[in-house]
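The sequence and structure are shown first.

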Amino acid sequence: PGTGSFCNYLLPGRDWHPINCVSQVQAKKYAVYLDGLDPVMHIRLPSEAEWEYAARAGGNTVYHWGDSDAAIDDYAWYRGNSFAVKGYYSHPVGVKKRNSWGLYDMHGNVWEWVEDWYYDRYYNYSTKYDPNGRGVGNYKVNRGGSWMSILSEGDLRAANRGFSYPLERSRSIGFRVVRGVR
């Protein structure tokens, strides 16, 4: 169940597309499930700060490749290039260039759920290093933009933040997990 025929798990030939049409609650449950399978690695959703650090590949530019969006078509699926190729939906992972840490689709393709609750003044009150989000709220944060994002609105910037209800499912929102040593 999700938002119909655009959910990747419902369509044949979508094995390499990012998972979509899952709520933040479902994404978190899946991470917990994976975590239970591995006694050495701790698997979970990333924090908002971890996601942004990975998206920037440790740098401090607007995009992991620099501050200009001139190379956006090389690295991201967004509204400006999605329909011209295959239509308005997610695209296979690994088609666009990866960042210097080997991560694909950190900008565009699908928004990605993170662990943190959304707070509109997050950067005003968070610590500078490894900040934690608020402990409560109405919305959960999603990052990265999607194939529906509009470049001129800044959705694809590494610092951009989206938010949705934790139980919301959308064809433009998915997730990735992080792995760390227990």
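## Second largest pocket

The second largest pocket is lined by P18, V93, G102, L103, Y104, D105, N109, V110, E112, F175 and R176. The model is a predicted one. Of these lining residues, 6 are nonpolar, 2 polar and 3 charged. The space in the second largest pocket amounts to about 230 Å³.

## Salt bridges

Side chains of opposite charge can pair when their charged atoms come close. Across the whole structure, 7 salt bridges are found.

E48 takes part in a salt bridge with R143, at 3.0 Å from N to O. This pair connects distant parts of the chain, since E48 belongs to helix α2 (residues 48-55) and R143 to strand β3 (residues 140-143), 95 residues apart. Both E48 and R143 are buried. E48 also forms a salt bridge with R161, where the closest N and O atoms are 2.4 Å apart. Here too distant parts of the chain are linked: R161 lies in strand β4 (residues 161-164), 113 residues apart from E48 in helix α2. R161 is buried, as is E48. Through shared partners, salt bridges join E48, E52, R56, R143 and R161 into one network.

A further salt bridge pairs R44 with E50, with 2.7 Å between the closest N and O atoms. R44 is partly exposed at 29% relative accessibility, and E50 is partly exposed at 28%.

## Nonpolar surface patch

Y30 is located in helix α1 (residues 24-37). With a relative accessible area of 41%, Y30 counts as partly exposed.

Methods: Residues are numbered from 1 along each chain as its sequence is written. This is a predicted model: local features need pLDDT of at least 70, side-chain atom pairs count only at pLDDT 80 or more; totals for chains, interfaces and linings use all residues. Side-chain values use heavy atoms; hydrogens and water are left out. Helices (H or I, at least four residues) and strands (E, at least two) are DSSP runs, numbered from the N terminus. Buried means under 20% relative accessible area, exposed over 50%, partly exposed in between (1.4 Å probe, protein chains only). On a 1 Å grid over the protein atoms alone, a cavity is a set of points where a 1.4 Å probe fits but cannot get out, and a pocket is an open set with protein on both sides within 12 Å along at least five of seven lines; lining residues have an atom within 4 Å of a point. Grid points are joined across faces, edges and corners, and a volume is the space filled by probe spheres set on the points. Ala, Val, Leu, Ile, Met, Phe, Trp, Tyr, Cys and Pro count as nonpolar, Asp, Glu, Lys and Arg as charged, and the others, Gly among them, as polar. A salt bridge is a side-chain nitrogen of Lys or Arg within 4 Å of a carboxyl oxygen of Asp or Glu.
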